[in-house]
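The following note sets out several points on the model shown below. Please read them alongside the sequence and the coordinates.

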Amino acid sequence: MTLMYHIKTVFAGLEVFNYKVVSNLRDKIPTDLAVFYMRNTSPVRCVQRCALNKNCLSVSLTSNSICQGYSKVYGINSSSLITHTGTRLYAWRITEESSCNVFGYTWNASLSVCYKIHTGSNVYQTAVSHCSSEHPTSRLLLVDSESIYNFLLDLIETNNLGAVYLQGTRTPGSAYVDDEGRPIPFFRWDVGEPEPTGDYLRTDDVSRLQEVSTGLYAYNYICSIYNYF
């Protein structure tokens with residue numbers, strides 16, 4: 001069995017990390033070049049080694065105690081994952097303000113959301129790339145509940161954002177999914193939506209309700225760091 005950990009913080013010489021199994025990535029293992037390799041090690045020593053390496057973002061530990069560190073984190077769409085029976089990937093989760101330490105990002109304690117507002121308008125794909133360039137697990141804000149939608153409304157009104165791009169894509173004839181391919185369970189559609197043309201999501205600049213977008217026009221957006229990997 002392979003364990004995948006992501007480092008959160010270092011405290012009193014021991015790594016304090018919080019992780020959960022990613023059920024949709026069972027039996028997968030990275031093929032990327034490791035930033036370090038250790039034999040005959042324990043989970044704690046493996047994670048400690050990663051914490052001391054500025055290029056290490058995650059580690060794997062096999063059943064025969066081989067530890068490998070990686071310079072990235074992985075999601076369901078990662079092209080560098082291959083089938084490896086018995087492997088489990090574990091993902092980190094931001095649960096404290098101290099974990100939201102990326103420059104420009106703000107912590108919302110009531111919703112446990114680490115986010116950053118971008119008022120420099122971009123087309124959809126550029127906005128997506130901009131988020132991921134700031135942090136490996138930063139994505140467009142995903143509106144998947146009433147509480148997150150109300151949070152979004154507050155940000156739009158307080159910061160006069162106008163229309164905002166949101167996380168979510170679809171292919172013709174299919175439902176909208178998040179960046180991990182999971183169906184989005186919540187929408188606040190504007191009148192007449194969702195229209196049949198357009199693969200992306202945004203809010204209307206007047207009603208603040210959601211609508212389909214082609215992604216070709218520049219709008220503001222909000223990046224948020226997620227625990228997908």
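1. Strands E7 and E8 form a hairpin with 5 residues between them, and Ser 65 in the turn has a positive phi of about 65 degrees. Strand E7 covers residues 58–61 and pairs with E8 in the antiparallel sense over 4 bridges; Leu 61 stands opposite Cys 67 in E8. Strands are DSSP runs of E with at least two residues, helices are runs of H or I with at least four, and both are numbered from the N terminus. Two strands pair if DSSP finds at least two bridges between them.

2. E8 (residues 67–70) is also joined to strand E6 (residues 36–38), by 3 bridges, and these two run antiparallel. Here the bridge partner of Cys 67 is Met 38.

3. This is a predicted model, in which local features need pLDDT of at least 70 and side-chain atom pairs count only at pLDDT 80 or more, while totals for chains, interfaces and linings use all residues. Residues are numbered from 1 along each chain as its sequence is written, and side-chain values use heavy atoms, with hydrogens and water left out.

4. The chain has a mean pLDDT (the predictor's confidence in each residue, from 0 to 100) of 82, and 79% of its residues reach 70 or more. Over residues 4–19 pLDDT stays under 50, and the model has 53 contacts (heavy atoms within 4.5 Å) for them beyond four places in sequence. Where pLDDT is low, the predicted coordinates should not be read in detail.

5. Tyr 124, Ala 127 and Cys 131 are buried in helix H2 (residues 124–134); buried means under 20% relative accessible area, with a 1.4 Å probe and protein chains only. They lie on the same side of H2 because they cover an arc of only 65 degrees around the axis, taken from the directions from the helix axis to the C-beta atoms. Their cover includes strands E12, E13, E14, E15 and E17.

6. Glu 211 belongs to strand E16 (residues 210–213) and counts as buried because its relative accessibility is 10%. Its side chain makes a polar contact of 2.6 Å with the side chain of Arg 202; such a contact is a pair of N or O atoms within 3.5 Å, and within protein one must be able to donate a hydrogen and the other to accept it, residues adjacent in sequence counting only if both atoms are side-chain atoms.

Notes
Buried < 20%, exposed > 50% of the residue type's maximum accessible area, 1.4 Å probe, protein only.
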